[in-house]
Every structure is written in structure tokens, then in C-alpha cells.
Amino acid sequence: MNLFKVSPSKLHVADSILRLQFLSYQVEAAIVGFPDLPPCEDNVTSIMESGETFIVAYIGTDLVGAISYKTEDHYIDIYRLMVHPEHFRKGIGQSLLRNVIGTYPSMPCYVYTGSENTPAINLYTSHGFHPTHEKEVTPGMFLTRLERPISEAN
């Protein structure tokens with residue numbers, strides 16, 4: 001597996017990311033029982049204009065995973081972490097997450113994920129993230145915020 005930093009402002013890159021995102025987040029939508037997750041409603045333009053940094057994972061010529069984030073006010077805000085469903089449980093999400101954490105070892109990280117998305121919560125907690133609070137974003141749909149403080153990053 002190879003990881004690359006890519007620019008989502010290029011149409012073909014944004015299109016590839018969007019296709020991967022749709023497949024990955026359809027699984028999360030099924031897990032949390034909420035089909036209208038915001039990532040499932042993205043389009044090529046919203047990816048291109050996101051302002052996020054994207055790290056992608058390839059096996060051969062196949063895009064199998066991606067993570068996006070922004071560095072803001074001395075912290076990392078992770079926006080997306082996606083793995084192609086055919087490549088779940090192969091360490092791709094872990095590699096992408098480790099890449100971002102390793103790039104900014106002295107910065108805390110934050111992420112939101114569906115409160116019912118046990119696989120994602122387990123992934124984040126295995127990398128030193130701790131749930132801080134939960135919020136209801138629409139009736140019946142809850143997100144959990146997890147953070148990885150600086151003390152965990154060193």
C-alpha cells in the first residue's frame with residue numbers, strides 16, 4: 001500500500017475521492033441507521049472546494065482509502081476517513097490515521113463520527129482518542145466527538 005498527499009482541486013482526483021466516499025459512507029449509513037449522512041450528499045464541487053488536505057491510499061492502481069483534515073488553531077480537525085468496503089479490516093484506516101498523527105505529533109486531533117459506528121470509534125480509541133461529548137445533529141442521529149490530546153500525541 002502506498003500513501004500520497006493529493007490535491008482535491010483536480011477534477012479527476014475529486015471524482016475518485018467522491019466515488020470512494022460514497023461506497024464507504026454507505027456502510028456507515030447502514031451501521032448507524034441513517035441513510036442521509038452528509039458525506040453521502042457531497043458532490044465533486046464540494047470535494048474540490050473543501051479546503052481539506054487529503055491523503056489517499058493505493059494498492060497498485062486501486063484507490064482503497066483516504067483521510068482528510070484541516071489544521072486549525074493549533075489542532076488537527078479530521079473531516080473524513082474512508083476505506084473501500086472490499087478492503088475493510090486490512091489496516092488501511094489505521095495507516096491513514098497514523099500518517100496524519102505522525103505528521104503533526106505535537107498537535108491535538110479532533111474527529112466526529114456516528115455514535116453507533118462502533119468500528120470507527122474503536123479505530124479512534126485504539127489511537128489514543130477519547131470520546132468527549134455527543135450531539136444530536138438531526139432527530140435520531142447522534143455524533144460523538146473524540147479527541148486525541150497532545151499528551152497522547154507525544
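**Ground rules.** Residues are numbered from 1 along each chain as its sequence is written. Since I am reading a predicted model, local features need pLDDT of at least 70, side-chain atom pairs count only at pLDDT 80 or more, and totals for chains, interfaces and linings use all residues, while side-chain values use heavy atoms, with hydrogens and water left out.

**Whole chain.** I looked up the elements first. The protein chain has five helices and seven strands (DSSP runs numbered from the N terminus; helices are H or I with at least four residues, strands are E with at least two). From the N terminus, I read the order as β-α-α-β-β-β-α-β-α-β-β-α. Of the 154 residues, 44% count as buried (under 20% relative accessible area, with a 1.4 Å probe and protein chains only).

**Strand E4.** I then turned to E4, residues 75–83. Seven of its nine residues are buried, so the rest of the structure largely encloses this strand.

**Its partner E3.** E3 (residues 62–72) runs antiparallel to E4, and eight bridges join them (strands pair if DSSP finds at least two bridges between them). I found Met-82 of E4 as the bridge partner of Ala-66. Two residues lie between the strands of this hairpin, where Asp-73 takes a positive phi near 45°.

**Its partner E5.** E4 pairs with E5 (residues 109–114) in the parallel sense, over three bridges. Here I noted Asp-77 opposite Tyr-110 in E5. From E4 the chain crosses through helix H3 (residues 92–103) to E5, a right-handed β-α-β crossover (with the strands pointing away from the viewer, the path from the first strand over the helix to the second runs clockwise).

Methods. Buried means under 20% relative accessible area, exposed over 50%, partly exposed in between (1.4 Å probe, protein chains only).
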